[in-house]
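Me: I am new to this structure. Could you show me how to read it, step by step?

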Amino acid sequence: MLDGIEESIVVLDRDYRIVCYNNAFNGWLKRPKKKIIGEHCYTVIKDQPVRCSPCIVRETFRTGQFFETSHSHDLGGRKVHHETNAYPIKDANSEVKYVIYMFKDITERAMIEEKVRELNKFKEKILDNAGIAINILDEDGNIMNSNRGAGELFGHAEEDIRGEPHSIFYRNEDKELLAKAMHEVLEKGKFESEVTLIKKNRTEFPARLTLTTVEDDHEKPAAIIEIVDDLTQLKKAERVIKQQLEQLKELDTIKEEYFYSTSHEFKTPLTSIVGLTKMLLDEKVGKLNGQQKEALNLVYCDSKRLRGAVQKILDIARMESGKMIYHIDKVDLNSVMSEVLETVGILFESKNLKVTNKIGGDIPHVIADKERIALVIENIISNSIKFTPVGGRIDVTASVEGDNVLVQIHDTGVGIPEEDKEKIFEKYYQVKSGMGENVGGSGLGLVICKKIVEDLGGKIWVESKLSEGSTFNFRLPYKESKQHIKKK
Ligand code: ADP
């Protein structure tokens with residue numbers, strides 16, 4: 001039976017002579033199989049890797065008690081670990097007659113334990129140097145462990161808070177949130193929120209809290225990792241940025257107000273210049289010679305362009321302040337188109353462009369604001385004239401599409417690159433390539449067009465191919481809707 005036991009066993013009498021031993025002990029001896037019954041234990045083990053100090057056999061004989069110890073020996077540079085036990089065997093007078101001495105080589109186990117200890121130390125080091133505060137909690141929210149970051153942030157010494165509920169970090173008014181957080185992390189495995197926490201000195205600070213569960217082998221939550229990210233600096237920076245942004249906005253408003261009031265000052269004299277030049281050109285105050293006509297024509301075109309630019313700035317201001325007013329009525333697109341083409345006639349004549357208006361008389365009248373639609377058409381046509389080289393063509397058509405009328409203004413101009421098609425409807429955007437850079441403009445016209453068409457329940461978009469031309473499309477309803485009634 002003794003031979004079946006893995007531990008080395010030897011039984012000694014009061015003179016420390018061997019009474020019996022097992023196979024494992026024999027195997028452990030340097031001189032196995034030699035007859036050792038009756039020999040003194042010292043002579044048997046003197047050249048073995050084991051020391052008898054403190055000798056638990058002697059202590060067992062002396063006290064009659066069971067002893068257990070473990071010791072390590074240096075065996076030529078190699079560390080050997082032994083776990084030893086000594087059991088007393090007593091006679092009828094309770095005198096210890098024999099001692100059973102058992103020992104086991106636990107070097108391998110000791111080495112694994114040492115490695116685990118090192119690994120745990122390493123893990124602690126990582127946690128301590130993680131730069132954030134980490135608490136390890138049990139399922140009830142009691143603190144099992146916390147890293148150096150947590151100690152520095154909250155001001156508590158780890159040994160003082162071990163075993164305490166982590167609610168010590170939370171304000172009284174947040175206890176409900178805390179209960180919710182614990183419930184959620186145990187249910188879903190994670191909880192994240194911005195919270196206000198308290199330090200040992202009772203000061204409060206903003207933090208991002210992350211709770212995550214760690215599961216055991218049976219996939220049950222074994223611990224909760226509480227990570228606390230101090231947001232104090234971030235919040236401070238946010239406040240400064242917000243203040244600066246507000247100051248910038250104020251400056252922007254002042255600048256824009258000045259810009260708009262100056263534009264307004266320009267508008268009245270420009271209207272007189274345009275009107276009076278037109279009167280002179282129409283020879284209402286006297287005949288003009290060819291040279292005078294040519295010069296006046298230039299003044300007329302440029303002052304009109306300038307007035308258009310000023311008008312755009314004022315429209316944008318009105319648009320942004322939500323003060324755009326619409327006078328909704330039935331609008332005959334054919335006649336609006338003819339009027340616009342007539343007013344910009346001089347421009348396309350100067351570039352020798354062929355313009356055709358193919359809007360038929362059968363096209364239903366759209367529900368819109370005549371003035372504003374004229375402005376949309378004028379903007380699109382002026383662009384077509386600007387971006388179409390001398391000798392090109394501009395064609396205008398209209399058709400019915402369900403409850404809408406679709407107007408298409410096609411030119412044989414420079415076209416618009418694919419990536420710019422959406423952007424040209426944004427404020428101040430102008431295409432960088434082609435003629436865009438040389439023909440002036442503000443990049444505001446199409447923004448106004450989009451706003452007006454959309455306010456009237458329609459849609460505007462462009463189709464284009466570089467070097468082949470562009471088609472500006474807009475759709476407007478010809479049946480009255482709730483949107484129109486609201487705008488009336
Ligand atoms: P502006 O013409 O005052 O610059 P818009 O908002 O009316 O401003 O137009 C924005 C940009 O869209 C123009 O600068 C031009 O680059 C492009 N664009 C508009 N219409 C055309 C067109 N018919 N052909 C080519 N490019 C155009």
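The talk below goes through the sheet and then the ligand shell.

Me: What should I know before I start?

Reply: This is a predicted model, where local features need pLDDT of at least 70 and side-chain atom pairs count only at pLDDT 80 or more, while totals for chains, interfaces and linings use all residues. Residues are numbered from 1 along each chain as its sequence is written.

Me: In what order do the 5 strands of the open sheet lie?

Reply: Strands of a sheet pair through backbone hydrogen bonds, either parallel or antiparallel. Here the order is E12-E14-E15-E17-E16, with mixed pairing. Strands (E, at least two residues) and helices (H or I, at least four) are DSSP runs, numbered from the N terminus, and two strands pair if DSSP finds at least two bridges between them. The edges are E12 (354-357) and E16 (459-465), each pairing on one side only.

Me: In which sense do E12 and E14 pair?

Reply: E12 and E14 (residues 393-401) run parallel, over 4 bridges. Thr 356 stands opposite Asp 395 in E14.

Me: Which residues are closest to the ligand?

Reply: A residue counts as near a molecule if its C-beta atom, placed from the backbone, lies within 6 Å of it. In this model 20 residues surround the ligand, and the closest are Asn 383, Phe 387, Val 431, Gly 441 and Gly 445.

Me: Which helix gives the most to that shell?

Reply: H12 does, with 3 residues. H12 (370-386) and H13 (445-455) each supply at least two.
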